[in-house]
Amino acid sequence: MTTLSTFGIDAISTYVPKFTLNLDKLAKRRNVNPEKYRIGLGLNRMSVAGPQEDSLTLAVEAAQSLFKRYDIDKESVGMLIVGTETPIDAAKPVASYVHRMIELSPWCRTFDTKHACYGGTAALRLAANWCATPAGRGRKALVIMTDIARYDTESPGEPTQGAGAVAMIVSENPSILALDDVPEAVYTYENMDFWRPLYRSKAIVEGQQSISSYLHGLDQTYMQYKEGSGYDWDDYSYLLFHVPFPKMAYKGFKRLFQKEVMRVNGHGTEELNEEFERKVEPGLWANTEIGNIYTGSLYLSLAALLVRAQKDAAGQRIGLYSYGSGSCAEFFSGVVQNDPSAWIGRVGLNEGLARRVSLSYEEYLRFRKENELLSQIDSYSPDVVTAWNRHQSVAFCGIRNHERIYGLREGISARKSLYEEKDPYESPIYVVK
Ligand code: HMG
């Protein structure tokens, strides 16, 4: 008997910055009732990128964490895709820097994908399709979703900010999530719900329009997927959503529940909330603590589900809804594989959250400002190296002659060695001994 191959996620790991802001502090400064953020949006804290972090450093940290926790032969990686909407350059992909820093084989295709938050799913689906073709030749793809979400201070989007990255290996016969091989359900609808012009570091958003567009995409893709796959509501043990803020996942779930369950058998709000707790909440706890990480947000939720459900996730079908403003939406599903040792203790989420340091409101503002300044000046500026911490293996140090300068740690080192480096200007990436 021949067994059909499956394709999907073989390994997954996460990285969250060391710094966090408790949203009660922000609410106080914004003159807002803290319950609005906690209950109205479902958020407790946001992750804040340090002055030396950007989407590239977050991606490298997530990849390092992946290679540390799983036994992966780097030579077997034939494709690296970085999904990001907050890249560091308009032409050169984040993927090419990452490729060098984590020392992948040169026989590897590297590129970034962009479509707001959908960029991560585009990368995953492309990678899985590549693995399934003769071009993949049994090799694996490394897919990284990385972003720093930024809105203007004092704007409604501010409390939904976040920062982080998720790295995954996509391969044949995956150990974690085998994607269901059924007709895809993708929906594109061009609109101006959220965008970031090239001259801005902060996104602009039409909040209510973005919520409607998210729900419209969900309606379209869920029904399309249902028709194509034949899977019904009860086939999904868990449902994961793109999470710009956790209450949005509730709105999405409610929308589907009303159509699929309430209208059919007349269930009410009590059943809605019970089923939400069972099917969605196990995947939401990390988003509540981290905020929106754009491309990685849905996959952070997957990581959180694996951590929370542990062995109970094994064998369960998960429905996933991905939405990217602008807009593109996709609903798809997969089955968690049977051996929980593939994810238990390997996702890195608890460790990442446990080492976080809480910022004051003033520090949050200062970090934002320093981070932006570091990305604008055309001079190498070691004076702004303020936050290298022992969990960080790569740091963005400034710009010189339009080149971004990165310090890459070799083993454990003191910050002082950064300054002792003889000629750090030779290459934009230099090793801190
Ligand atoms: P807002 O105008 O400040 O908030 O912005 P609101 O007045 O709509 O209130 C929010 C919720 O808090 C409401 O609940 C209030 O009732 C509740 P809802 O009615 O929606 O269920 N509330 C309270 N609850 C308890 N106690 C209180 C209290 N006061 C009020 N005292 C908005 C909210 C989401 C628009 C804003 O945060 C925003 O603009 N966020 C950014 C955009 C966004 O996240 N859009 C989501 C869909 S688009 C998407 O997901 C794509 C995205 O990730 C980007 C990409 O694709 O790259 C964003």
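Two strands count as paired if DSSP finds at least two bridges between them. Strands themselves are DSSP runs of E with at least two residues, and helices are runs of H or I with at least four, both numbered from the N terminus. The model is predicted: local features need pLDDT of at least 70, side-chain atom pairs count only at pLDDT 80 or more, and totals for chains, interfaces and linings use all residues. Residues are numbered from 1 along each chain as its sequence is written, and side-chain values use heavy atoms, with hydrogens and water left out.

Strand S2 (residues 19-22) pairs with S15 in the parallel sense over 2 bridges. Thr20 has Ser358 in S15 as its bridge partner. These strands belong to an open sheet of 3 strands, ordered S3-S2-S15, with mixed pairing. Strands S3 (45-48) and S15 (357-358) are at the edges with a single partner strand each, so one side of each has no neighbour in the sheet.

Helix H6 spans residues 207-229 and includes Gly207. Gly207 has a relative accessible area of 35% and is therefore partly exposed, a class that lies between buried (under 20%) and exposed (over 50%), with a 1.4 Å probe and protein chains only. Gly207 and Asp193 are 14 residues apart in sequence, and their C-alpha atoms are 7.1 Å apart in space.

Glu274 lies in helix H8 (residues 269-279). Because its relative accessibility is 44%, Glu274 counts as partly exposed. Glu274 also forms a negative surface patch with Glu270, Glu277 and Glu281. Patches take residues with over 30% relative accessible area and no salt bridge, joining like charges within 9 Å and nonpolar side chains (Val, Leu, Ile, Met, Phe, Trp, Tyr) within 5 Å. A salt bridge needs a side-chain nitrogen of Lys or Arg within 4 Å of a carboxyl oxygen of Asp or Glu.

Technical notes: Areas by Shrake-Rupley, 256 points an atom, 1.4 Å probe, with all protein chains shown as cover. Lys, Arg positive; Asp, Glu negative; His and termini not counted. Charge placed at Lys NZ, Arg CZ, Asp CG, Glu CD.
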